Amino acid sequence: MSTATAPRRKGTFFPPTDATNLDALMDLSKFLDHHDEPATLLGPDGEQIPLPLEVYSTLTQIVEAMCAHRAVVVAPVDQKLSTQEAADYLGISRPTLIKLLESGKIPFETVEGSRHRRVELGDLLDYQSQRTVERRKALQVLVDDTEESGLYDVPAEDYRDAVRTARHEIAEERKG
């Protein structure tokens with residue numbers, strides 16, 4: 001979907017598509033790349049105010065994303081999302097999200113007088129972080145098992161047989 005026809009949600013910002021604004025974005029990106037310290041905001045009346053480090057850091061991330069032709073959403077972490085919005089955010093189906101909610105993996109609240117659920121953006125961010133940690137741990141276990149089994153030293157043409165042998169050895173160890 002092009003940005004010209006993309007639906008506009010409050011707080012969603014798309015990168016510029018016209019040459020003038022795209023050039024201005026690239027100039028801003030170059031400026032931010034060459035400065036480590038927060039900049040000063042200059043108002044139309046000439047008034048200047050230094051940007052707090054947190055605002056400067058956020059601005060830098062927004063410019064990087066837009067230079068990569070990605071839309072940016074600015075939202076408070078306590079913003080409530082519908083189950084469909086939460087599922088879309090996580091990149092999963094709504095039924096999968098509902099299972100996560102009902103299993104207690106992601107907190108939610110129900111809208112008074114209805115069956116509708118709302119999920120805080122902050123809780124989705126926490127869930128994502130937790131999943132990232134779990135995935136990294138699982139990957140490390142795989143790497144450790146592969147190293148222990150000596151599979152990194154096996155020539156490519158013998159790899160399939162070596163994996164089969166290593167799996168058999170691991171299964172035998174777990175039995176014994």
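Q: Which residue stands opposite Arg118 in β7?
A: In this predicted model, the residue that stands opposite Arg118 of β7 is Glu109.

Q: How many bridges join β6 to β7, and how do the two run?
A: Strand β7, which covers residues 117-120, is joined to β6 by two bridges, and the two strands run antiparallel.

Q: What order do the strands of the sheet have?
A: The order is β5-β7-β6 in an open sheet of three strands with antiparallel pairing, and the edge strands, each of which pairs on one side only, are β5 (80-82) and β6 (109-110).

Q: Which strands does α3 touch?
A: Helix α3 packs on the sheet and touches β5 and β7, with its direction at about 95° to that of β5.

Q: And where does α5 lie?
A: Helix α5, made of residues 121-148, lies across β5 and β7 and runs at about 65° to β7.

Q: Back to α3, at what angle does it pack with α4?
A: Helix α3 (residues 83-90) packs with helix α4 (residues 94-102) at an angle of about 100°, their axes being 9 Å apart, so α3 and α4 are roughly perpendicular to each other.

Q: Which residues make that contact?
A: From α3 they are Thr83, Gln84, Ala86, Ala87 and Leu90, while α4 brings in Arg94, Leu97, Ile98 and Leu101; by class, the contact has six nonpolar, two polar and one charged residues.

Q: New topic: how many aromatic pairs are there?
A: A search of the whole structure finds zero aromatic pairs.

Q: What sits over the ring of Phe108, then?
A: The charged end of Arg117 sits over the Phe108 ring, 5.6 Å from the centre of that ring.

Note on methods. Residues are numbered from 1 along each chain as its sequence is written. This is a predicted model: local features need pLDDT of at least 70, side-chain atom pairs count only at pLDDT 80 or more; totals for chains, interfaces and linings use all residues. Side-chain values use heavy atoms; hydrogens and water are left out. Rings of Phe, Tyr and Trp (its six-membered ring) pair if their centres lie within 6.5 Å; planes under 30 degrees apart count as stacked, over 60 as edge-to-face and the rest as tilted. A charge sits over a ring if NZ of Lys or CZ of Arg is within 6 Å of the ring centre and within 35 degrees of the ring normal. Axes are lines fitted to C-alpha atoms, for helices over the stretch in contact, and angles run from 0 to 180 degrees between N-to-C directions. Helices (H or I, at least four residues) and strands (E, at least two) are DSSP runs, numbered from the N terminus. Angles under 35 degrees count as roughly parallel, over 145 as roughly antiparallel, 65 to 115 as roughly perpendicular and the rest as oblique. Contact means heavy atoms within 4.5 Å. Ala, Val, Leu, Ile, Met, Phe, Trp, Tyr, Cys and Pro count as nonpolar, Asp, Glu, Lys and Arg as charged, and the others, Gly among them, as polar. Two strands pair if DSSP finds at least two bridges between them.
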